[in-house]
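Thank you all for making the time this morning. Please have a look at the sequence and the structure as I put them up, and then I will walk you through the parts I would like us to discuss.

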Amino acid sequence: MVLEAGLGSARVLVTAGSQGIGFGAARAFLVEGARVVVNSSNADRLRRATDALAPLGEVHGVAADLREKGDLDRLLEETVGHLGGLDTLVYVTGSPRPGLFLEQGFADWDEAARLLVVSPAYLARRAAEAMLVGGKGGRMVFLTSVAIREPIPTIATSSVCRIAVAGLVRTLARELGPKKIRVNGILPGYIATDRVDEVLRDAARRKGTSPEAERAALEREIPLGRIGSPEELARAIVFLGSEMSSYVSGALLPVDGGLLRSVG
Ligand SMILES: NC(=O)c1ccc[n+]([C@@H]2O[C@H](COP(=O)([O-])OP(=O)(O)OC[C@H]3O[C@@H](n4cnc5c(N)ncnc54)[C@H](OP(=O)(O)O)[C@@H]3O)[C@@H](O)[C@H]2O)c1
């Protein structure tokens, strides 16, 4: 579906996009006419993704591990090399290992902090520098999780570390707004990807049930009665990553079928 987002020839970087949420976002931007760089850490998976996306428009793959500073620097440099600049950054990440708080060791926290705190902050800095060239500004969209409002016990590292993304969004929206860079976040609920399958399998193993039973129980909790699709989430990402949202900055938008109960 074309949303008429005014993205024709916009230069977009989507991280962690070889599958799932990132892949859905990259596809949606291409359909809107944007030129896209997709990143992930596994070169083979990334090649399969860019092959699948290529019929939709101009797409380039850059393999880089979001946990590594050298890779983040190279990712930005190669993105600007391919596209001639950067208008929109969509930051998606890989997932830390699921588990309760008492199951997590120092290495788990170290890994999660790199992936969910250090990497988005550093990449945002590099992306902002690229967007400031030419003075047109840009847009950043950070994917985080409903777990930052209502922590999910079985993904403890995620529930804790992803809160930093909310601070990042608000901090950057204030500092970069005067420079015409808008910064927003999205809090997905449950979106049908391999990650959700992993979380459901983990829950089933803990409770001695089945992934199917866990899925049914989860869907009873969601007011709209179902898990969302990557395409539904991608529409919100394109909204915030385009000029359709020209007066929105510092927002944290849940896309969760009504799952969050808390106010504010
Ligand atoms: N699905 C949901 O319902 C949901 C809800 C809230 C939050 N989230 C979070 O949103 C993010 C994306 O979720 P998803 O459901 O799309 O997961 P997914 O289907 O498992 O995809 C994860 C993506 O991250 C890439 N990736 C993993 N580690 C990476 C690294 N170190 N550097 C660069 N790319 C890396 C993977 O590609 P490679 O293997 O090729 O690197 C893959 O493309 C995750 O952080 C997830 O926890 C998901």
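This is a predicted model: local features need pLDDT of at least 70, side-chain atom pairs count only at pLDDT 80 or more; totals for chains, interfaces and linings use all residues.

If we now step back to the whole sheet, we find an open arrangement of 7 strands in the order β3-β2-β1-β4-β5-β6-β7, paired in the parallel sense. At its edges stand β3 and β7, the latter covering residues 252-255, and each of them has a single partner strand, so one side of each is left without a neighbour in the sheet. Averaged over the sheet and with direction ignored, neighbouring strands are turned by 20° against each other.

Helix α9, residues 230-240, lies across β4, β5, β6 and β7, and the angle at which it runs to β6 is about 165°.

With 15 residues, 69-83, at 1.5 Å a residue, α3 should span 21 Å, and since its end C-alpha atoms are 21 Å apart, the expectation and the model agree. Which residues of α3 are buried? They are L72, L75, L76, T79 and L83. Seen down the axis of α3, these buried residues fall within an arc of 90°, and therefore they line one face of the helix. On the other side of α3, by contrast, G70 and G81 are exposed. As for what covers the buried residues of α3, this includes the strands β1 (11-14), β2 (35-40) and β3 (59-63), together with helix α4 (106-132). After α3 comes G84, whose phi is positive, near 80°.

Finally, a few words on the protein as a whole, which has 9 helices and 7 strands. For 264 residues, a compact globule would have a radius of gyration near 18 Å, and the protein, with 18 Å, agrees with that. Taken along the principal axes, its C-alpha atoms fill a box of roughly 55 × 40 × 40 Å. Of the 264 residues, 44% count as buried, and among contacts with a separation of 6 or more, 72% are between residues 24 or more positions apart.

Definitions and conventions. Residues are numbered from 1 along each chain as its sequence is written. Helices (H or I, at least four residues) and strands (E, at least two) are DSSP runs, numbered from the N terminus. The expected span of a helix is 1.5 Å times one less than its number of residues. A residue is buried if 20 or more other C-beta atoms lie within 10 Å of its own, exposed if 12 or fewer, and partly exposed in between; C-beta atoms are placed from the backbone. The arc is that of the directions from the helix axis to the C-beta atoms. Two residues are in contact if their C-beta atoms, placed from the backbone, lie within 7 Å. Two strands pair if DSSP finds at least two bridges between them. Axes are lines fitted to C-alpha atoms, for helices over the stretch in contact, and angles run from 0 to 180 degrees between N-to-C directions. The radius of gyration is taken over C-alpha atoms; the globule rule is 2.2 Å times the number of residues to the power 0.38.
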